[in-house]
Every structure is written in C-alpha cells, then in structure tokens.
Amino acid sequence: AGGGRWERGIVLVYYGRMGSDSEAKANQERSDGKGPKPGREGGLASRVLSLGTLAVLLIAATGVSFYQVKAAAASKKDAKGGKAAATGDEEDTSNYVYGLLIAGVALIGNAAVGALRKILSRYNIGSAQQVGLATLIQALTALVQCVLSGDLDVGPNFVASLPPRAFWMAAVSGSVLNSVVKTLETNAFSTTDMSLCVPFLAFDPVMQFLVGVAVMPAACSSFGFGCDEAGKSYPNYHVLSVLCIACGAFMLGRGTGGPVQRKAGVKYLGPLPMGSCMILLNCVIYGFTSRLDKVAIKSAGKTLYYAYGRLLMASTTLGGSYMSGGITTREIKKFSNPKVMGLILAICVADAVYMLSLYQAFAWISPVYVTAIKRGGGILLSSVLGVTLFGETMAGRTFPILTICFGVTFLCL
C-alpha cells in the first residue's frame, strides 16, 4: 500500500511539473509576442474585434467612401455639361497639383534632416545647441539673400520695409513654437529608433484636420483668424482616413503587427518610448504653427519669413540654452570637429529645402493636404532610412506603418 501511494505521488508531481512548465512556456510566448494574448484564446468576438481586423475594415470603408465621393462629383460635373470648370477653377486645380509636388520635395528634405540629426547625435551634441546653431546659420544666410534681392532695405527706408504687425504676431508665435518642436524632435531622434518616431508624425495631418474643423471656426468668429478654413467642409473618407492613421499608430505602439523588442536604457511612457511621445506632442503644436506660418507668408513672403523666423528660433534656443547653463566652453569645442560642422551645414541645406518648399505649399493649398502628402511618404522613406542606415528592425512595424500610409494618402486626395 505504501508503495502504491509512493508511485501515485511521483505521477502527481510529474504531471504537476508538466503543467507548470507548459504554463511558463505559454507565458513566455505571450511576452515574446508569439503566443495568444491573455483572454484571446480563440474567442470569435476577440478575433473579429482585433486591431488588425479593425484596420482592414477601416481601409476598405475609406476606399469605398472615396470611390463614392469621386463618382458623385463626376456625375455632377457631367450633368452640368462637362465644362463647368471656369478659369479660376483650373487655376485652383493647377495650384493644388503644384502644392502636392512641392510638398513631396518637402518630405524628402524632412526625411534627410531626421537622418542627419540622428547621425549628429552620435557626437553628443545637445539638442538646443544643435538647433540653435543650425537656425542661426540659416537666418544669416537668408537675411543676406533678402538684402541682395531687395526684400529687405538696410538703408534709410529700413523701417518702412519691415513687414506689417500681423506678420510679427504670427512670426514670433510660430517661431517660438517651432523652436520647441525642433528641440523635441532632435531629442526624440537621438534617443529612439527612427522607425518608431517617424510613424507618429502621421498624427500631424490628424491634428491639422481636427484644428481646422474644431478650432478655426471659433478663431474666425472671435479673432478674425483662419476664416478661409472656417467654412471648409471635408468628405467622409477624410474622417475615415484619420481613423486609419490613429489605428495604425495605436497598433505600432502596442506591437500588434508582431513582436516588438524594448531597448534597454530607453525610457517608456506606457507602451510608447519617450521619443514617440515627443513626436505626438509636436503634432499637436504643428496644428497651430502651420496656420501661423500661412499668415506670416501671406503678409511678407516666404523668404523674408524664413529669415526672420530662423533668427527668432536661434534666439529662443540659444538664449534658453545659455540661461540654463547648456552653453559652456566644453560644448562649444565640440563644434570645432570638422565632421560635426559638416553635418550641421548639411542639416542647414536639407532643412532649408524642406522649410521653403513647405512654406510655398502652404501658400497654394490647405495645410491639411500639405502635411498629409509630406507625412505619408515621409513615414515610408524615414523608416527605410532607419533600417538601411542605422540597422533598425521592422519586426512588428510593417503592417501598422502601411495602415498609416494608406490613411495619410487618402487624407490628401
């Protein structure tokens, strides 16, 4: 009898250990992203309501809505005889196409700036000092160009040649906010993978859309600002495009597309690295700076605004860094490295191409469309640069990034 009890005890211990080992293995697979998530072991409702399924449904609904809107517009045009477009409409269409093309140039410049800043971060250059020196070089170069072209008179008519009050209000506000954006962006790229930062820039057109719909009508009635957007309507597929972008970004943060490895030494806020959170904050700020940029450009032209705006940004970043003790002899000596100065100059050129193209596109078409085309292509281009130049992985990021690109593309159509 004693022997029987002893044998049964061995059997129970054996199967208990098998069960605990199986449970440990399942938990390990879930933590690695290879196994089913807790509470999702095969339920039909959980599969139907998964984020991947929701993304596919949103993409399909957006495509159908886009087709319906374009078909209705075509039939309406045919009903009017096919020649309803007047000269003014043709000019608007031409500006729209040119605006999208210039926005495409801006996205290439923006992606190049992000890659160059990440390379520069290897030399341990502070974000504020890096942005401040680059914008100071750009400002001085642009001011010389303005004097040579006659946009800025340095003689007796200097005061008379200064832009109007509306320009200064928009330029000062926009430049201060842009200096915050550039500093946060530089910090984000230096601490976080580009392929985890750049996709969240897709929230830029989302914020442009939300600000245009929710804020501009109130700003127009209260301050007379943004009235050209206050009465603007957006088709249904634009709303669905915004949802596609949000869904893709959420999947990217959760790693729904597959296992996403967390890097040691990187700070996280919930499921997202701090760099991604900085980019999200930048997108909120972009929703307002693009409108301020548009006001300033229409008041004085893109070249003069670029010159004054860069000078204000340099003053803000370098002044803030000096007040906080960030500008020291040790920090200044870092810029004596020829490679560092070469990268700074390359950033100046790429950023000048980016900003001047962006300003021209803003003058032609709505900021919603400019940022949509810029971000849609920029996400793919920057992610490819992150993989090819910095050895970043795309594991778990491909489907979310493609979902974001789809949404951004339809948002600009």
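pLDDT is the predictor's confidence in each residue, from 0 to 100. With that in hand, welcome to a short tour of this predicted model.

View 1. For the protein chain as a whole, the mean pLDDT is 75, with 75% of the residues at 70 or more. Which helix has the lowest confidence, and which the highest? The lowest is helix H2 (residues 44-48), with a mean of 45, while the highest is helix H5 (residues 127-149), at 88.

**View 2. Helix H7 alongside helix H12.** Here you can follow helix H7 (residues 165-191) as it packs against H12, with the two axes 8 Å apart and an angle of about 155° between them. Angles over 145 degrees count as roughly antiparallel, so H7 is roughly antiparallel to H12. The crossing of H7 past H12 is left-handed. Sorted by class, the residues in the contact of H7 with H12 are 18 nonpolar, eight polar and two charged.

**View 3. Helix H12 meeting helix H13.** Now look at helix H12 (residues 274-300) and helix H13 (residues 302-323), whose axes come within 7 Å and cross at roughly 120°. H12 is therefore oblique to H13. In this case the crossing is right-handed. From H12, the residues Asp293, Ala296, Ile297 and Ala300 meet Lys302, Leu304 and Tyr305 of H13. By class, this contact of H12 with H13 holds five nonpolar and two charged residues, and no polar ones.

**View 4. Helix H13 crossing helix H15.** H13 passes H15 in a right-handed crossing. On the H13 side, the contact is made by Lys302, Tyr305, Tyr306 and Arg310. On the H15 side, look for Asp351, Ala352, Met355, Leu356, Tyr359 and Gln360. The residues of the contact of H13 with H15 divide into six nonpolar, one polar and three charged.

**View 5. An aromatic pair, Phe66 with Tyr237.** How many aromatic pairs does the model have? The count comes to seven aromatic pairs. One of them joins Phe66 and Tyr237 in an edge-to-face arrangement, at 5.1 Å centre to centre and with 90° between the planes. Phe66 belongs to helix H3 (residues 51-79) and Tyr237 to helix H11 (residues 236-254), so this pair ties together parts that are 171 residues apart in sequence.

Definitions and conventions:
Residues numbered from 1 in each chain as written. Predicted model: local features only at pLDDT ≥ 70, side-chain atom pairs only at ≥ 80, totals over all residues. Heavy atoms only, no water. Helix = DSSP H or I, 4+ residues; strand = E, 2+ residues; numbered from the N terminus. Axes fitted to C-alpha atoms, helices over the stretch in contact; angles between N-to-C directions. Parallel < 35°, antiparallel > 145°, perpendicular 65-115°, else oblique. Left-handed = near helix turned anticlockwise from the far one by under 90°. Contact = heavy atoms within 4.5 Å. Nonpolar A, V, L, I, M, F, W, Y, C, P; charged D, E, K, R; others polar. Phe/Tyr/Trp six-rings, centres within 6.5 Å; stacked < 30°, edge-to-face > 60°.
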